[in-house]
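Welcome, and please open your viewer. We will go from one selection to the next and look at what is there.

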Amino acid sequence: MENDPLVQLYFFPDEKTKYDITGHRGAGWGFGDTIVEVYNDSTQLDPFHELVHVLGYKSGHPPAMLDEGLAVHLSEELGSDAFAGFIGYPGQTLDEVFKVLIRSDRLISIQQLFNYKEIAEAPDVVLAYVQSASFVKFLLKTGGRERFLDLFAGSGPNAIEANEALFEQIYEMSLLEAEKKWMRWLSF
C-alpha cells in the first residue's frame, strides 16, 4: 500500500561500532523512519521499543518521560520482555520491577521527570525508565487514550512551562496532583 510506513532497520555488532558510525550512544535508537540497534549474542533489544518511538514521532515530539514511558509500556503490552537487557529485570512486569524500585525510597518527582529532555539526565536511568512507564500506564488506564495522545502530540521536548500547562489543561490537575493520584492508584 502506498501510505504504509516503511521503516529502515540497521544492526550493529556492538555499541562502539554503532557510536563510531552514528554518533549515538546506547544500544538502540529510533528516529524518523529509522531504527538503529546493537544486535549480538549478549544484546538483543526488544523489537517494539524503538518502533514505538518511530511511530510516535509521526504525531509529536513529547518530553522524554512520555516518549520513553510509552515505548516501555507498549513494549510490555505487545508481549515483549520490556525489562530484560540493559534494565536488568528479565521476565518481570512493569509493576513487579516498580515494586522493587519503589522500596529504595529514591523516586524522582513527576515534575522533575516530566522536565528532562533525555531520560539519561536522570540520576538513576533505570528508575527513570520504569517510573516513566508506570506513570504513562496510569495516564492511559485512568485518563484514556485520547487524552494521552493529545498530550503526546501537543507537547514538545523543550517547552517545559507549556508542557505543564498543557498537562493541566488536558487532565484538569497539576503534575503534583497527578503524582498523588498515581501513587494511590498503584496501591502497593
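A residue is called buried at under 20% relative accessible area, exposed at over 50% and partly exposed in between, with a 1.4 Å probe and protein chains only. Helices are DSSP runs of H or I with at least four residues, and strands are E runs of at least two, numbered from the N terminus. This is a predicted model, where local features need pLDDT of at least 70, side-chain atom pairs count only at pLDDT 80 or more, and totals for chains, interfaces and linings use all residues. Residue numbers start from 1 along each chain as its sequence is written, and side-chain values use heavy atoms, without hydrogens and water.

First, select helix H8 (160–171). Its buried residues are Asn163, Glu164, Leu166, Phe167, Ile170 and Tyr171.

Next, step just past H8 to Glu172, which has a positive phi of about 55°. Glu172 sits in the loop between H8 and H9 and is exposed, with a relative accessible area of 66%. Most residues other than glycine have a negative phi.

Finally, select H6 (residues 125–143) and H9 (residues 175–186), whose axes, lines fitted to C-alpha atoms over the stretch in contact, come within 10 Å and cross at roughly 90°. Among the residues making this contact are Phe135 and Phe138 of H6 and Trp182 and Trp185 of H9.

Key. Axes are lines fitted to C-alpha atoms, for helices over the stretch in contact, and angles run from 0 to 180 degrees between N-to-C directions. Contact means heavy atoms within 4.5 Å.
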